[in-house]
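Reader: Hi! Could you walk me through this one, please? I'd like to start with the charged side chains.

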Amino acid sequence: MNIINEMSLNFPSKSCNEAFARSVVSAFIMNLDPTINELSDIKTAVSEAVTNCIVHGYRRSSGMIYIKGKITDDNRVIIRIRDRGCGIADVSKAMEPLFTTAPEEERAGLGFAVMQSFCDKVKVKSAIDKGTTVTLEKRISKDEK
């Protein structure tokens, strides 16, 4: 696997930047000529990961969100979304459908389940008071076009 393109993006953890992040990642992968469904899948997964940073990572504070993207020569898109927020005490519990740390905000607890349903791989690393990194991976298939 060789990396044929990379990008890096940093922005404040404001809800208005969720659409910005989704748009930048979309533009980044357009040269792979994804299907509408593939593009939508990646945009949705990125939206969920960024929203998790804003709502859960930084809670009622603010900080920066960091996104790094890579495209490989085998048409894989790898997007890493990171915050330096509060971290997740139990990642496997947090990844269970319907689990949420923000029930008062009427969160459904489906963010990780959505990411997993739209990506080939989802990896989550977290440390208390250091933040969380979510890595999304999806192969864009040229055969479906």
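Author: Happy to! The side chains of Glu137 and Arg76 meet in a salt bridge, at 2.6 Å from N to O. Here a salt bridge is a side-chain nitrogen of Lys or Arg within 4 Å of a carboxyl oxygen of Asp or Glu. The pair links distant parts of the chain, with Glu137 in strand β5 and Arg76 in strand β3, 61 residues apart. One caution: this is a predicted model, where local features need pLDDT of at least 70, side-chain atom pairs count only at pLDDT 80 or more, and totals for chains, interfaces and linings use all residues. Residues are numbered from 1 along each chain as its sequence is written, and side-chain values use heavy atoms, with hydrogens and water left out.

Reader: Good to know. Are Glu137 and Arg76 buried or exposed?

Author: Both Glu137 and Arg76 are buried. Buried means under 20% relative accessible area, exposed means over 50%, and partly exposed is in between, with a 1.4 Å probe and protein chains only.

Reader: Which residues are linked with Arg76 in a network of salt bridges?

Author: Asp74 and Glu137 are linked with Arg76 in that network.

Reader: And how many salt bridges does a search of the whole structure find?

Author: Four. One of them joins the side chains of Asp41 and Lys138, at 3.3 Å from N to O. Asp41 lies in helix α2 and Lys138 in strand β5, so this pair ties together parts that are 97 residues apart in sequence.

Reader: How do you assign helices and strands, by the way?

Author: They are DSSP runs numbered from the N terminus: H or I over at least four residues for helices, E over at least two for strands.

Reader: Thanks. Back to Asp41: what does this residue touch?

Author: Leaving out residues up to four places away in sequence, Asp41 touches Phe118 and Lys138. A contact means heavy atoms within 4.5 Å. Asp41 counts as buried because its relative accessibility is 16%, and Lys138 is buried too.

Reader: What about Glu18 and Arg22, how do their side chains meet?

Author: In a salt bridge, with 2.6 Å from N to O. Glu18 and Arg22 are four residues apart in helix α1, so about one helical turn separates them. Glu18 is buried, with a relative accessible area of 16%, whereas Arg22 counts as partly exposed at 25%.

Reader: Switching to the fold: how many helices and strands are there in the chain?

Author: Four helices and five strands. Along the sequence they follow the pattern β-α-α-β-β-α-α-β-β.

Reader: In what order do the five strands sit in the sheet?

Author: The sheet is open, with the order β1-β2-β3-β5-β4 and antiparallel pairing. β1 and β4 (121-127) stand at the edges with a single partner strand each, so one side of each is left without a neighbour in the sheet. Neighbouring strands are turned by 10° against each other on average, direction ignored. For angles, axes are lines fitted to C-alpha atoms, for helices over the stretch in contact, and values run from 0 to 180 degrees between N-to-C directions.

Reader: How many bridges join β1 to β2?

Author: Nine bridges join β1 (residues 3-12) to β2 (residues 64-72), and Ile3 stands opposite Thr72 in β2. For β2 and β3 (residues 76-83), seven bridges make the antiparallel pairing, with Ile67 and Ile81 as bridge partners. Two strands pair if DSSP finds at least two bridges between them.

Reader: Which residue takes a positive phi in the hairpin of β2 and β3?

Author: Asn75, with phi near 65°; the hairpin has three residues between its strands.

Reader: Last one: what share of the chain is buried?

Author: Buried residues make up 48% of the 145 residues. Among contacts between residues at least 6 apart in sequence, 66% join residues at least 24 apart.
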